[in-house]
Amino acid sequence: MKHTLPLLLLLAVTLTAQDKSTVRTTLPAAAKVASAIELPGRTEPLESTLIFTRATGLVRERKFDIGDPVKAGDVLAIIDTPEIDRQVEAARATTDRATAQAKSARLSADRSATLLNSRALSRDESEERISTAEESDAELRMAEAKMAELLELQKFATVLAPFDGTISARNFDRGDRMRGDSSTAEGWLYRLVSLNMLRFVINATPDLALRMNADTEATVRFTELPGRTFSAKLSRSSRVFDTASGTMRAEFLI
């Protein structure tokens with residue numbers, strides 16, 4: 001989701017482009033014609049995301065609020081998930097039992113080879129023990145996979161910041177119930193934006209878009225900051241023209 005900054009709505013960018021052409025004279029030489037184009041644009045955060053949780057439960061802690069800076073990996077909120085906690089305990093017990101059964105079955109299968117050689121055990125009984133050991137190993141792997149799945153779900157109860165940024169919006173309070181399995185876009189917790197660098201977006205007309213390249217630079221002015229200018233360089237463009245407006249989206253980094 002992209003948002004312009006309220007204080008940076010009336011903007012202008014001056015682009016200096018070089019149009020390479022050949023002028024035929026008695027001594028042919030390349031002539032460079034510099035031109036300045038001024039047009040409005042808008043700012044957007046370099047990164048912007050809505051943060052959700054995949055854990056269902058009540059919010060126990062809210063670590064940050066609107067305007068707070070955060071670092072990647074910071075704990076933003078903690079969700080109480082008693083149902084998942086109980087499922088993890090049950091899965092751990094199931095895994096322990098499966099481990100003991102698999103160990104016992106494997107020992108029995110290993111001994112069957114010796115007993116078979118001494119004719120104390122028939123071949124059918126030996127094969128049955130080996131088959132039981134293999135089944136026990138498979139059940140153990142299934143129990144471990146279920147355990148790993150629940151542990152991952154349990155981790156989602158701790159909501160972490162995906163990158164360095166600033167909290168621009170909050171959509172919950174302590175005690176609110178979060179639905180981690182919700183298919184709607186309404187259950188987000190925070191909106192996080194990266195403001196250390198900004199995108200300056202313009203809609204370039206064909207005459208300008210076809211002259212821009214990786215070296216194109218711009219000077220950005222804000223009406224709210226008279227007398228100050230900021231340098232920006234072309235970062236990327238859509239490389240196609242919008243059929244409705246006839247312009248191409250181009251982004252400069254400030």
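**Notebook: surface, strands and rings**

I began with the accessible surface of the chain, which comes to about 16100 Å², with 52% of it belonging to carbon and sulfur atoms; the areas come from the Shrake-Rupley method with a 1.4 Å probe, and for residues only the protein chains shown count as cover.

I note that this is a predicted model, in which local features need pLDDT of at least 70 and side-chain atom pairs count only at pLDDT 80 or more, while totals for chains, interfaces and linings use all residues. Residues are numbered from 1 along each chain as its sequence is written, and side-chain values use heavy atoms, with hydrogens and water left out.

**Whole chain**

I looked up burial and found that buried residues make up 31% of the 254 residues (buried is under 20% relative accessible area, exposed over 50%, partly exposed in between, with a 1.4 Å probe and protein chains only). I then looked at contacts (heavy atoms within 4.5 Å): among those between residues at least 6 apart in sequence, 72% join residues at least 24 apart.

**Strands**

I find three helices and 13 strands in the chain (DSSP runs numbered from the N terminus, helices being H or I of at least four residues and strands E of at least two). I followed strand S4 (residues 57–62), which runs antiparallel to strand S9 (residues 177–178) and is joined to S9 by two bridges; two strands pair if DSSP finds at least two bridges between them. Glycine 57 has methionine 178 as its bridge partner in S9. S4 is also joined to strand S6 (residues 75–80), again antiparallel, by four bridges, and glutamate 61 has isoleucine 78 as its partner there.

**Rings**

I looked up aromatic pairs and found two (ring centres of Phe, Tyr and Trp, its six-membered ring, within 6.5 Å; planes under 30 degrees apart are stacked, over 60 edge-to-face, the rest tilted). Phenylalanine 172 and tyrosine 190 are edge-to-face, 5.1 Å centre to centre with 90° between the planes. Phenylalanine 172 lies in the loop between strand S8 (165–170) and S9, and tyrosine 190 in strand S10 (residues 190–204), so the pair ties together parts 18 residues apart in sequence. I record phenylalanine 172 as buried at 2% relative accessibility and tyrosine 190 as buried at 0%.

The ring centres of phenylalanine 222 and phenylalanine 230 are 5.2 Å apart with planes at 70°, so this pair is edge-to-face. Phenylalanine 222 is buried at 7%, whereas phenylalanine 230 is partly exposed at 22%.

**Arginine 239**

I noted a positive phi of about 70° at arginine 239, although this residue is not a glycine. Arginine 239 sits in the loop between strand S12 (229–237) and strand S13 (248–253) and is exposed at 70% relative accessibility.
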